[in-house]
Amino acid sequence: MPRLTVAMPKGRIFEEAVELLRRAGLAIPPEFEESRKLIIPVEEAGMDFILAKPVDVPTYVEYGVADIGVVGKDVLLEEERDVYELLDLKISACRLSVAGLPDWQPTDAPRVATKFPKLASRYFREQGAQVEIIKLNGSIELAPLIGLADRIVDIVSTGQTLKDNGLVELETITSITSRLIANRVSYRMKSEAIDFIIDKFSTVVPKGVEV
Ligand code: PRP
């Protein structure tokens, strides 16, 4: 079978994704998590792993430098890359929500801070609401606390970050899990190898409705 290059997201999804690979029966060595290397060949699995920033995973896959990748649905929706979404891996479940201070009231000039400007714009447009979107790159919860924005659109997982900062969830936009994606050409040219991986994952991913 042809060798596959797999783009893996560093950070919060990584551990769960590696655990899923192991549960699926792929021979991922223990040093996989410990190394600082960014390209890790795993001969036993016939794969080369690229450790990427999560937001860049769909880019590597769209350009074909990775055949497949693991990425959050939030990133997929935001990046709008031309890739196949093959499987809901049902890991790293969280939701994308609108949050603000508990006494939040509609204002004349609403401002929303987020790491997901396209997603947030689309959501508020669909709601018929005109808001100014302010793109931030992290610590989004700061924005309402210091008066940069009246609301945020951000990932909520345990809800602890909101709680610790005195914020509340106002609306849920969508639920999020990680997905297996593929490059369109790779999916045709390396279908046997990719189908093999899909089968492996399918045995350990709980069945249910995809979101
Ligand atoms: C994410 C998200 C929230 C937090 C939610 O941030 O942007 O801040 O996690 O998780 P919780 O509901 O379990 O508290 P991340 O840790 O990725 O950091 P950043 O957004 O500040 O980069």
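**An open mixed sheet and its packed helices**

In this predicted model, D88 stands opposite R179 of strand β11. Strand β5 covers residues 84-88, and β11 covers residues 178-182. The two strands run antiparallel to each other and are joined over 4 bridges.

Stepping back to the whole sheet, 6 strands are arranged in the order β2-β3-β1-β4-β11-β5. The sheet is open, and its pairing is mixed. Its edges are formed by β2 (39-42) and β5, each of which pairs on one side only. On average, neighbouring strands of the sheet are turned by 25° against each other, with direction ignored.

Two helices that pack on this sheet deserve a look. Helix α1, made of residues 14-23, touches β1 (4-9), β3 (47-52) and β4 (68-72). The direction of α1 makes about 140° with that of β1. Helix α8, spanning residues 191-204, also packs on the sheet. The contacts of α8 take in β1, β3, β4, β5 and β11, and its direction makes about 25° with that of the edge strand β5.

L101 counts as partly exposed because its relative accessibility is 30%, and the partly exposed class lies between the buried limit of under 20% and the exposed limit of over 50%.

Key
Residues are numbered from 1 along each chain as its sequence is written. This is a predicted model: local features need pLDDT of at least 70, side-chain atom pairs count only at pLDDT 80 or more; totals for chains, interfaces and linings use all residues. Side-chain values use heavy atoms; hydrogens and water are left out. Two strands pair if DSSP finds at least two bridges between them. Axes are lines fitted to C-alpha atoms, for helices over the stretch in contact, and angles run from 0 to 180 degrees between N-to-C directions. Contact means heavy atoms within 4.5 Å. Buried means under 20% relative accessible area, exposed over 50%, partly exposed in between (1.4 Å probe, protein chains only).
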